[in-house]
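Trainee: Could you walk me through reading strands and salt bridges in a model? I'd like the general idea first, then the case at hand.

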Amino acid sequence: MELCVFSFYMLGVMSGATDEVATGAEVIDLLVAMCRAALQSSRKSIIFQPYPSVVDPNNPKTLAFSPKRKSYDRLQRALDGILLIRTMAQGSYSETKKQMDKIDPLAHPLLQWILASNRSHIVKLPLNKQLKFMHTPHQFLLISSPPSKEARFQTARKLYGSTFAFHGSHIENWHSILRKGLVNASYTKFQLHGAAYGRGIYLSPISSISFGYSGENRIFSDILNPSGFHNSKSSLLFDLYFLTYPLSLFLQSRNLNCVALCEVITSKDLQKHGNIWVCPVSDHVCTRFLFVYENGQVGDMHINTQEAQIQKEILQVFDSKPR
């Protein structure tokens, strides 16, 4: 069974409908920002995966967007429609959808696909549950592994134990990561940086090393909130989203950096080359947190996940959730 990105109460971090909408809205903002970063990348033909499959609203028997007939320009226009209408969105969800349909009939279907195609469980952490050593308010609990992988990870964890380490990747890569999981890209067309220590997922217990891989990612200031909230809940939540959630500040940043905090199995397969760790077994690495930084800023560059106090703070947050 696929993980649902909007089942906020599952992890016990929300306290009410208004909090749920506010934090859910920021998740939507992040998903749209990642989609746009991938779409604007010079590597989009490689990393923009999966490509949308979206039914034509005017002809349900055909696909307006299809992996067999890719058009990045048409995708960009539809995404621009999502962003443009959000700058004017002050009414209810139904009214905003009507306005979006007038701007571009494919904008709203594309927004639905962006949300529905996400296979990760990503939840904004409220302030009282955030990791204080990561100096950003944009902190998310991120479970990107499918249940089958998570089950294999938990089995290995009982045998070998685990620890935490950072993984840095350009924001343009996260559109795919959230849908396909964190994979071993060494020696494939998806590899962006070198693989000096061999094939595997690269991690580090030192934050500064992983921040170096997060890169500079320009998200121009016209990227604002998306104008939808695809959920199974009532239309009241849709209306609350539009009436109470202001334009996202972090989506107006000129560049965003993302770094994940992962849990990694400490078996003999984990290769440690000083502060560069390589895990060749994809099933032995699972994302747990995602941190987003505005305008190229990063958090404390000297965090070491192996320090006792840092480990204690991580486990105080993470061990309070079902595992």
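Mentor: We'll take the sheet pairing, then the salt bridges. This is a predicted model, where local features need pLDDT of at least 70, side-chain atom pairs count only at pLDDT 80 or more, and totals for chains, interfaces and linings use all residues. Residues are numbered from 1 along each chain as its sequence is written, and side-chain values use heavy atoms, with hydrogens and water left out.

Trainee: Okay, in what order do the three strands of the open sheet run?

Mentor: Terms to begin with: helices (H or I, at least four residues) and strands (E, at least two) are DSSP runs numbered from the N terminus, and two strands pair if DSSP finds at least two bridges between them. Here the order is S6-S9-S8, with antiparallel pairing. S6 (201–203) and S8 (271–273) each have a single partner strand, so one side of each lacks a neighbour in the sheet.

Trainee: And which residue stands opposite Gln 271?

Mentor: That's Val 278 in S9. S8 and S9 (residues 276–279) pair through three bridges, in the antiparallel sense.

Trainee: How many residues does the hairpin from S1 to S2 go through?

Mentor: Two. S1 (residues 54–56) and S2 (residues 59–65) run antiparallel, joined by three bridges, and Val 54 has Phe 65 as its bridge partner in S2.

Trainee: On to charges: how many salt bridges are there in the whole structure?

Mentor: A salt bridge is a side-chain nitrogen of Lys or Arg within 4 Å of a carboxyl oxygen of Asp or Glu. By that test the search finds nine. One of them pairs Asp 80 with Arg 36 at 3.3 Å, N to O. Asp 80 sits in helix H3 (residues 72–86) and Arg 36 in helix H1 (residues 17–40), so this pair ties together parts 44 residues apart in sequence.

Trainee: Is Arg 36 buried or exposed?

Mentor: Buried means under 20% relative accessible area, exposed over 50%, partly exposed in between (1.4 Å probe, protein chains only). Arg 36 is buried at 6%, while Asp 80 is partly exposed at 32%.

Trainee: Where do Lys 97 and Asp 101 lie?

Mentor: Both are in helix H4 (residues 93–103), four residues apart, about one turn of the helix.

Trainee: Which residue forms a salt bridge with Glu 263?

Mentor: Arg 157, with the closest N and O atoms 2.9 Å apart. Glu 263 belongs to strand S7 (residues 256–265) and Arg 157 to helix H6 (residues 147–160), so the pair links parts 106 residues apart in sequence. Glu 263 is buried at 0% relative accessibility. Salt bridges with shared partners join Glu 150, Arg 157, Glu 263 and Arg 288 into one network.
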